[in-house]
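I opened a notebook on this structure to record what I looked up, entry by entry.

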Amino acid sequence: MKGLGTDEDSIIKLLTSRSNSQRQQIKAAYKTLHGKDLVGDLQGELGGKFETLVVALMTPPILYDVTLLRNAIKGAGTDEKVLIEILSSRTAQQVKDITAAYRQEFDADLEEDVTGDTSGHFRRLLVILLQASRQQGVQEGNIETDAQTLFSAGEKNYGTDEDQFITILGNRSAEHLRRVFAAYMKLAGYEMEESVKRETSGGLRDLLLAVVKCARSVPGYFAETLYHSMKGAGTDDQTLIRVMVSRSEVDMLDIRADYRRLFAKSLHSAIQVYTESLSLSVLNYTGIY
């Protein structure tokens, strides 16, 4: 970054060949050696999507989630997509860590900010997910009961009892829900996702679908998320960057495998086709190429 112009290739090669924890050490050493903030200097030298990607790579994972949530609920409008993606896919401990980091970073309560910016059944399910208190393991005696309750709340009768969907899908463990989904299919003749689409709408439908898909497979959920970010006219670069960065050191290899299984193409080739803004070095780092 010194002198006229910026050696972007060197920045890419260096930052993408290190883990996030190593990048934090580089940031600290940069401050000690040069008395400047590395992220600030990078922002001053870069721009556009590349700047967004590099800043995301330089942000610790929990702080990255916290910042995304803050931006999603502050300012004009609410980015429901970000709220849904993060709160439906993170583990209970990660949600607790996010809540604590949010308070420390912004001196505010995440639940209060979320409830102040959302409403109705959508808000209620978000609050349940923020509690991070799902039941543990499988309650054998409740599998058939839960399946029957969901059937009665939707497909069996005219109208929908959203509260039952929210209570069961928001509070049971992923292992338990997978057993419930199998029992539900035998009972109703529909997959759980089909019934959610038929019986609910709007933000609640999107959130319930995310919860169901994450209960089945978090990597599968993110494979679908990436697919839809690149489907149709234009590319949802924000979602593409967000998922690639947040999952790169978590389950990207599983996401890659699920992407090929679900869409009969490699994630690497899909990104090459749909975007020109991400370099192969970044793809190398995230385990795709």
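**Entry 1: second largest pocket.** I looked up which helix gives the most to the lining of the second largest pocket; α15 does, with five residues. I note that the model is predicted. The space in this pocket comes to about 420 Å³. I counted 15 lining residues in the list, and K81, K213, Y221, T225 and H228 are those nearest the centre of the pocket. I then sorted the lining of the second largest pocket by class and got seven charged, four polar and four nonpolar residues.

**Entry 2: largest pocket.** I turned to the largest pocket and wrote down a volume of about 590 Å³. Its lining has 31 residues. Nearest the centre of the largest pocket I found R90, T91, A92, R134 and A174. Which helix supplies the largest share of this lining? I found that α12 does, with four residues. The helices that supply at least two lining residues each are α6 (80-89), α7 (92-106), α9 (120-131), α11 (162-171), α12 (174-188), α14 (202-216) and α15 (218-229). By class, I noted 14 nonpolar, 11 polar and six charged residues in the lining of the largest pocket.

**Entry 3: α2 and α3.** Next I checked how helix α2 (residues 20-34) sits against helix α3 (residues 38-45). Their axes come within 9 Å and cross at roughly 90 degrees. I therefore recorded α2 as roughly perpendicular to α3, since angles of 65 to 115 degrees count as such. On the α2 side the contact is made by I26, K27 and Y30, and on the α3 side by L38, V39 and D41. I classed the residues of this contact as four nonpolar and two charged, with no polar ones.

**Entry 4: α8 and α9.** From α8 I listed L110, E111, V114 and T115, which meet R123, L126, V127, L130 and Q131 in α9. The contact of α8 with α9 holds five nonpolar, two polar and two charged residues.

**Entry 5: domains.** Last, I looked up the domain assignment of the chain. It gives domain 1 as 8-58, domain 2 as 77-131, domain 3 as 140-216 and domain 4 as 218-277. How many Å separate the centres of domain 1 and domain 3? Taken over C-alpha atoms, I have 44 Å for that separation.

How values were computed. Residues numbered from 1 in each chain as written. Predicted model: local features only at pLDDT ≥ 70, side-chain atom pairs only at ≥ 80, totals over all residues. Heavy atoms only, no water. 1 Å grid on protein atoms, 1.4 Å probe; cavity = no way out; pocket = protein on both sides within 12 Å on 5 of 7 lines; lining within 4 Å. Points joined across faces, edges and corners; volume = space filled by probe spheres on them. Nonpolar A, V, L, I, M, F, W, Y, C, P; charged D, E, K, R; others polar. Axes fitted to C-alpha atoms, helices over the stretch in contact; angles between N-to-C directions. Parallel < 35°, antiparallel > 145°, perpendicular 65-115°, else oblique. Contact = heavy atoms within 4.5 Å. Domains from an automatic or database assignment.
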